[in-house]
Amino acid sequence: MTGFPRDQWYVAAYSSEIGPELFSRTICAEPILFWRTRSGQVTAMSDRCVHRRFPLSQAPSRLVDDQVICGYHGFTYGADGGCTAVPGQTRIPRTARLRRYPLVEQDSLVWVFIGDPARADAARIPRAPYLDSPDYTTVAGMEPLAARFSLLVDNLLDLSHETYLHGGYIGTPEVAATPITTEVDDEAGVVHVSRHMADAECPPFYAKSTGLHGRISRWQDIEYTPPCLYKLHSRIAPVGSVPNADGSDPDAFHVEVVYAITPETEHSTHDFWAVARDFALDDQDVSAFLAENNRTVVLQDVAALNVLERVIAGEPEGYQELSINIDTGGLAARRLLRRQLDASRTPGVAS
Ligand code: FES
Ligand SMILES: [Fe+2]
């Protein structure tokens, strides 16, 4: 599948990436300019000057007192995107205004709405509260992917690839060998994929971070809200341990792995990843280990998907894939994405 659903919220950046300087990122093929104003709000507007398209993020364009001055001929814009000065005349053309994007900052993420702003409903943004909760410690990063975003969706919805692509990190034989259960909440637009391994080898990723060794109980519960937010609730515990009836789970280690899958263009993707844990909260060595190891795992996926993108780009129309049981989650995700894609092309239909 190429293309991406419009009229949707996408993660544009981590909150920590945007300060009082000009910052640009292309989201769904639209170059967007961000900065944090003196009052602390993040702005999002088109990164193209209305005059001759010069990027406003590009030097010698500059930010002065919450006004951005184009580095080509000096058109000046305020934080609301309105033009406040043009060179050589006092009359400012009525259409001299940068397109603004609806923006919400929450859970340490900056979300922008791509598409018709009239359809931007902030209540529909999926949550990832652990990312800025004091009960968790989070490590995070973002890797550029030279592949269409649907390939990353396929990859994350089918974790049986861990056994092969990530052996020695997070993959052990039990991941590929254990069947999954898939449920789709059509109303909420969420795909759930679960794999519960009652008695599995502890991969190095978890052995070194939790201190558990030998055999473990390992649960993977995926919750994907297309198009952008993917959460993997990972539970690691001694064999035989299950959560208490009241929901407490004192013997287990919980790791919340979050991906934000944001198209940059039709053939490239921003691969945001974060790992939040509820143990060893102040242990810098555990943080450094998880950050380094998760980045390695992400880069293993990036390398494989970059190859796949080139393979797909070079193949004839109509190539038929073969799908099996492990692909059930990925196929459900594709169906929801297709529905969003169709809805975003149909004026007046909410997706
Ligand atoms: S391109 Fe920006 S002022 Fe001319
Ligand atoms: Fe992977």
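Q: Where do the bounds of domain 1 and domain 2 come from, and which residues does each take?
A: Domain bounds come from an automatic or database domain assignment. This is a predicted model: local features need pLDDT of at least 70, side-chain atom pairs count only at pLDDT 80 or more, and totals for chains, interfaces and linings use all residues. Residues are numbered from 1 along each chain as its sequence is written, while chains are lettered from A and ligands numbered from 1 in the order in which they are written. For the protein chain the assignment gives domain 1 (8-122) and domain 2 (129-344).

Q: Which element gives the most to the side of domain 1 that touches domain 2?
A: Contact here means C-beta atoms, placed from the backbone, within 7 Å. By that test, 14 residues of domain 1 are in contact with 15 residues of domain 2. Two or more residues on the domain 1 side come from β1 (8-14) and from β2 (23-27). The most, 6 residues, come from β1.

Q: Why does the protein chain count as being as compact as a globular protein of its length?
A: It has 6 helices and 17 strands, which are DSSP runs (helices H or I, at least four residues; strands E, at least two) numbered from the N terminus. The globule rule is 2.2 Å times the number of residues to the power 0.38, and the radius of gyration is taken over C-alpha atoms. For 351 residues the rule gives 20 Å, and the chain is close to that, so it is as compact as a globular protein of that length, with a radius of gyration of 22 Å.

Q: How many residues of helix α1 are buried?
A: A residue is buried if 20 or more other C-beta atoms, placed from the backbone, lie within 10 Å of its own. Across the protein chain, 39% of the 351 residues are buried. Helix α1 (residues 149-157) is largely enclosed by the rest of the structure, because the buried count is 9 of the 9.

Q: Which residue of β7 stands opposite Val68?
A: Strands pair if DSSP finds at least two bridges between them. The open sheet of 4 strands runs β5-β6-β7-β8 with antiparallel pairing, and its edge strands are β5 (62-64) and β8 (83-85). Strand β6 (residues 67-69) is joined to β7 (residues 76-77) by 2 bridges. Opposite Val68 stands Tyr77.

Note on methods
Buried ≥ 20, exposed ≤ 12 C-beta atoms within 10 Å, placed from the backbone. Contact = placed C-beta atoms within 7 Å.
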